[in-house]
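Trainee: I'd like to learn how to read a model like this one. Could you take me through it feature by feature?

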Amino acid sequence: DRRCLRAPLACFGTWPAHIIKDEAVAAYTLRRLAGTYGKVKVSNSTIRREIVALQAALNFGSKKGFIPGKPNFNLPKPQDGVGRDKWLTEAQERIVLEALPAAPLCVRVFVRLALTYGVRKGAIMDLSFGDQVNFMTGTIDFHKPGKRATRKRRPTVPMTQTVRAELEEAFAEKGR
């Protein structure tokens, strides 16, 4: 993503790549936090993303032989910022649920699963009727069969009546 390289290019664009050292990157970090090399001040997360992109570009250039001496760049990065949780308010959820009947079936199913179980969008998108949705036991297994288990947990959950109704309608529409 070239947008991540705009500020590093503004700072290091005329420098020979082999002289970009840890001290220069640390100074860049301080100046970037102060609002230099951009229109606004940015967070540690943004600077970290920019330095990771710069490091990847430098390592690629080194691997291809464009940088003398074949250095391996491991630049100092600021600590990542604290993640933000964004939640719908009850009023916002009510607005979404009121608009849901007018939406296409696939949107209704997705939103209902997301609001009911709070699982990752990828887990919802990977869901299949044959292996993961079991109407007999009334459960949904969000773990895709054959997919490696990672730290991003995918639970097995019981179906609520509203979710079951949406899934049965989707199952009937799919023609299986």
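Trainee: Let's start with Glu50: why does it count as buried?

Mentor: Burial is read from relative accessible area: buried means under 20%, exposed over 50%, and partly exposed in between, with a 1.4 Å probe and protein chains only. Glu50 has a relative accessible area of 5%, so it counts as buried. Before we go on, this is a predicted model, so local features need pLDDT of at least 70 and side-chain atom pairs count only at pLDDT 80 or more, while totals for chains, interfaces and linings use all residues. Residues are numbered from 1 along each chain as its sequence is written, and side-chain values use heavy atoms, with hydrogens and water left out.

Trainee: Which residues does Glu50 touch?

Mentor: A contact means heavy atoms within 4.5 Å. Leaving aside residues up to four places away in sequence, Glu50 touches Cys4, Leu5, Ala7, Pro8, Tyr28 and Arg32. Take Pro8: Glu50 is 42 residues from Pro8 in sequence, yet their C-alpha atoms are 6.9 Å apart in space.

**Helix H3**

Trainee: Where does Glu50 sit?

Mentor: In helix H3. Helices here are DSSP runs of H or I with at least four residues, strands are runs of E with at least two, and both are numbered from the N terminus.

Trainee: How does the span of H3 check out?

Mentor: The expected span is 1.5 Å times one less than the number of residues. H3 covers residues 44-63, which is 20 residues, so it should span 28 Å; its end C-alpha atoms are 28 Å apart, which agrees.

Trainee: Which residues of H3 are buried?

Mentor: They are Ile47, Glu50, Ile51, Ala53, Leu54, Gln55, Leu58, Gly61 and Ser62. An α-helix has 3.6 residues a turn, so residues three or four places apart point the same way. In this model, the buried residues of H3 pack against helix H1 (6-12) and helix H2 (22-33).

Trainee: At what angle do H2 and H3 cross?

Mentor: Axes are lines fitted to C-alpha atoms, for helices over the stretch in contact, and angles run from 0 to 180 degrees between N-to-C directions. The H2 and H3 axes come within 10 Å and cross at roughly 140°. From H2, the contact uses Val25, Tyr28, Thr29, Arg32 and Leu33; from H3, it uses Asn44, Thr46, Ile47, Glu50 and Ile51.

**A loop and another helix**

Trainee: Is Arg84 buried or exposed?

Mentor: Exposed, because its relative accessibility is 72%. Arg84 is in the loop between H3 and helix H4 (90-99). Arg94 is ten residues from Arg84 along the chain, and their C-alpha atoms are separated by 23 Å.

Trainee: And Arg112, buried or exposed?

Mentor: At 19% relative accessibility, Arg112 counts as buried. Arg112 lies in helix H5 (residues 105-117). Leaving out residues up to four places away in sequence, Arg112 touches Leu97, Leu100, Thr162, Val163 and Glu166.

**The sheet**

Trainee: In what order do the strands sit?

Mentor: Two strands pair if DSSP finds at least two bridges between them. Here three strands form an open, antiparallel sheet in the order E1-E2-E3. Strands E1 (133-134) and E3 (156-158) are the edges, each pairing on one side only. Two bridges join E1 to E2 (residues 139-141), and the partner of Asn134 in E2 is Thr139.

Trainee: Which residues does Pro158 touch?

Mentor: Pro158, found in strand E3, touches Tyr117, Gly138 and Thr139, not counting residues up to four places away in sequence. Pro158 is exposed, because its relative accessible area is 58%. Asn134 is 24 residues from Pro158 along the chain, and 9.6 Å separates their C-alpha atoms.
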